[in-house]
Amino acid sequence: MLQIQAHKGIPPFLIPKLSIIPIGKGMAGIAAERKEAVEMCNLQTDDSGVARRAAKETKVEGSIAVPMLLEGQLFGTLGVAKPVSYDFTEDERNNLLKIGEAMSKALLA
């Protein structure tokens, strides 16, 4: 299970729905399970089943969840969302993975 540790900009009524996410469920859970980034250009129009209904209630569109990995060990996930449709670039994905790695190191300190 993933448990939310920090957030910014998530509407308060959604926190209970997003506070605990099973590995393999929703964008964050799938990113954790696969140990790779999961991205949606427009979460509102997604019909793949990856985005959970509660995530759609945020009204965000472009979104990405990346695993926080250190030496292959999962420490959590990091999510970023935009209010407009958006395709994250390879550089942005790589930078988010590096940020996740740095955050994982900080957790061990």
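Strand 4 and strand 5 form a hairpin with two residues between them. Helices (H or I, at least four residues) and strands (E, at least two) are DSSP runs, numbered from the N terminus. Glutamate 71 lies in the loop between strand 4 and strand 5. Its phi is positive, near 50 degrees, in a residue other than glycine. Glutamate 71 counts as exposed, at 82% relative accessibility. Buried means under 20% relative accessible area, exposed over 50%, and partly exposed in between, with a 1.4 Å probe and protein chains only.

The model is predicted: local features need pLDDT of at least 70, side-chain atom pairs count only at pLDDT 80 or more, and totals for chains, interfaces and linings use all residues. Residues are numbered from 1 along each chain as its sequence is written, and side-chain values use heavy atoms, with hydrogens and water left out.

Eight bridges join strand 4 to strand 5 (residues 73-81), and the two run antiparallel. Two strands pair if DSSP finds at least two bridges between them. Valine 66 has leucine 78 as its bridge partner in strand 5. Proline 67 has threonine 77 as its bridge partner in strand 5. Methionine 40 stands opposite serine 63 in strand 4.

Together, three strands form an open sheet in the order 3-4-5, with antiparallel pairing. Strand 3 and strand 5 stand at the edges, each with a single partner strand, so one side of each has no neighbour in the sheet. The twist averages 15 degrees from one strand to the next. Two helices pack on this sheet. Helix 2 touches strand 3, strand 4 and strand 5, and its direction makes about 35 degrees with that of strand 4. Helix 4 (residues 90-108) also touches strand 3, strand 4 and strand 5, and its direction makes about 45 degrees with that of strand 4. Axes are lines fitted to C-alpha atoms, for helices over the stretch in contact, and angles run from 0 to 180 degrees between N-to-C directions. Contact means heavy atoms within 4.5 Å.

Strand 4 (residues 63-70) is largely enclosed by the rest of the structure, because seven of its eight residues are buried. Serine 63 is found in this strand. It counts as buried, at 5% relative accessibility. Neighbours within four places in sequence aside, serine 63 is in contact with Met27, Val38, Glu39, Met40, Leu43, Val80, Ala81 and Phe88.

In soluble globular proteins, nonpolar side chains tend to be buried together. Here the largest nonpolar core has seven residues: Met27, Ile30, Ala31, Val38, Met40, Leu43 and Ala65. A nonpolar core is a set of buried Ala, Val, Leu, Ile, Met, Phe, Trp, Tyr and Cys residues joined through side-chain atoms within 4.5 Å. Helix 2 (26-34) and strand 3 (38-40) are the elements that give two or more residues to this core. Helix 2 gives the most, with three residues. Another core lies apart from it, of six residues, including Met68, Leu78, Phe88 and Leu96.

The structure holds one aromatic pair. Tyrosine 86 and phenylalanine 88 are edge-to-face, 4.9 Å centre to centre, with 80 degrees between the planes. Rings of Phe, Tyr and Trp (its six-membered ring) pair if their centres lie within 6.5 Å; planes under 30 degrees apart count as stacked, over 60 as edge-to-face and the rest as tilted. Phenylalanine 88 is buried, with a relative accessible area of 7%. Tyrosine 86 is partly exposed, at 23%. The charged end of lysine 82 sits over the ring of tyrosine 86, 4.4 Å from its centre. A charge sits over a ring if NZ of Lys or CZ of Arg is within 6 Å of the ring centre and within 35 degrees of the ring normal.

Lysine 35 is found in the loop between helix 2 and strand 3. Its phi is positive, about 60 degrees, although it is not a glycine. Lysine 35 is partly exposed, with a relative accessible area of 41%. Asparagine 95 has its place in helix 4. It is partly exposed, with a relative accessible area of 41%. The C-alpha atoms of asparagine 95 and arginine 34 are separated by 18 Å, and the two residues are 61 residues apart along the chain.
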